[in-house]
Amino acid sequence: MRTILIMGPGGSGRTTLAAATAVTAAREGTRTLVLSADRTDTLGAALGSGTGPEPVEVAPGLTAWRPDPAQEFRKDLTALQDRASSALDLLGASRLDPEELTPLPGAEELALLRALRDAALSESYDLLVVDLPPTPQALALLALPEELRRYLRRLLPPERQAARALRPVLGRLAGVPMPAEWLYETAGRWELELAAVEAVVADRDTVVRLVAEPGPAGADAVRTAGLGLALRGLRTDVVVANRVLPEASPDTWLAGPVAQQRKTLEEWREAHDVRAVAHLGRDPRGADDLAALDVPGAEHAASPVEWPVTDRLGDDGVLVWHIPLPGAIREELDLVRRGDELVVTAGRFRRVVPLPSALRRCTVDGAALREGELRIRFAPDPKLWPQAR
């Protein structure tokens, strides 16, 4: 199944274009599901049909779904209380009733990730269109599965489960209780769920589609999103320039905004595949208005993101790791080697990435940022590198 993640700043018409993309695909005969995490039914307003916590068919071949974070939060916390019942009883804690639970910050994002996983595992659809939150939250959301999996592996390493029989003895020797079995079982279940979500996001048939209005604010948003996505190794297929004004207009006051949009579009076309969507002169409502937007279809392909390692041992005695970071600024880059991992900071974004196997036996010899690409040099460590006889 192909997945299109729609991303853009707030107010850019992101939800409307997600709905238009889904409508276009469904009219072409593609079984399509469109997902949204908005608390208000912005998606339903664009489609002309309400959406809710259960998938509903809003048109032939088109299903819409807006997961309810409160419902998922209540279910998860109730299950957690059941598993930790012994500890809660020991502490004399009273349980929370599902009716009194309200979702905490982040519940919407987790509900959307779970729905994304469930939809991807379903065989009912050929295309999944996801209306992500505004850009900053969307980038954090896409990073969440990988980061949470890393935290789980550090806090509860799977190999420690092998010592189950020794935990009571170890607890008595250490003088502190060892983690209960249910904790490892819960961590293992979370690991599987997060791995499934991460697999969907990183799949070769998953692309990110950026939506923005051409102008200074839109240009900044596309630049920021492009850097954050590049650091995550995610692919962008097209940049959709939304609400583009007509070049030939009798209204002289439009000359300034039109010139500004034209300049931004020229800059975008130098680095991206751009599709301009005309301003309808009104807020699109219903399938006919959405079809009139002429959004790009699902057939657009994006080049895979690669972080190759080139062998320059014969010439310079180093291996070079190439990491594309378009829009990165040299003064805002930072690298920290931590064991077999590299902590890369680019502006406001940070990612901990495992080193390729060959580079784990090397030391960092330097780095340079050239033409939007970070090139890190690694020199073989004589203590770890195979020596020729």
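This is a predicted model: local features need pLDDT of at least 70, side-chain atom pairs count only at pLDDT 80 or more; totals for chains, interfaces and linings use all residues.
Are Trp 321 and Phe 378 buried or exposed? I looked, and both are buried.

**Entry 1: the rings**

I searched for aromatic pairs and got 2 of them. I began with Trp 307 and Trp 321, whose ring centres sit 5.9 Å apart with planes at 65°, so I wrote the pair down as edge-to-face, since that is over 60. Trp 307 is in the loop between α11 and β9, while Trp 321 is in strand β10, 14 residues apart. I checked accessibility too: Trp 307 comes out at 19%, which is under 20% and therefore buried.

Phe 378 belongs to strand β15, so the pair ties together parts 57 residues apart in sequence. Put together, the ring pairs make a cluster of Trp 307, Trp 321 and Phe 378.

**Entry 2: the cores**

Which residues touch the most other members of the largest nonpolar core? I found Met 7, Leu 132, Trp 268 and Trp 321, out of 56 residues. Helix α9 gives the most to this core, with 6 residues. I also spotted another core apart from it, with 28 residues, including Val 34 and Leu 47.

**Entry 3: a glycine**

I ended on Gly 286, which is in helix α11. Its relative accessibility is 16%, so I counted Gly 286 as buried. Beyond its sequence neighbours within four places, Gly 286 is in contact with Ala 46, Leu 47 and Gly 48. I also looked up Gly 44: its C-alpha is 9.1 Å from that of Gly 286, though they are 242 residues apart along the chain.

Terms used. Residues are numbered from 1 along each chain as its sequence is written. Side-chain values use heavy atoms; hydrogens and water are left out. Helices (H or I, at least four residues) and strands (E, at least two) are DSSP runs, numbered from the N terminus. Buried means under 20% relative accessible area, exposed over 50%, partly exposed in between (1.4 Å probe, protein chains only). Contact means heavy atoms within 4.5 Å. A nonpolar core is a set of buried Ala, Val, Leu, Ile, Met, Phe, Trp, Tyr and Cys residues joined through side-chain atoms within 4.5 Å. Rings of Phe, Tyr and Trp (its six-membered ring) pair if their centres lie within 6.5 Å; planes under 30 degrees apart count as stacked, over 60 as edge-to-face and the rest as tilted.
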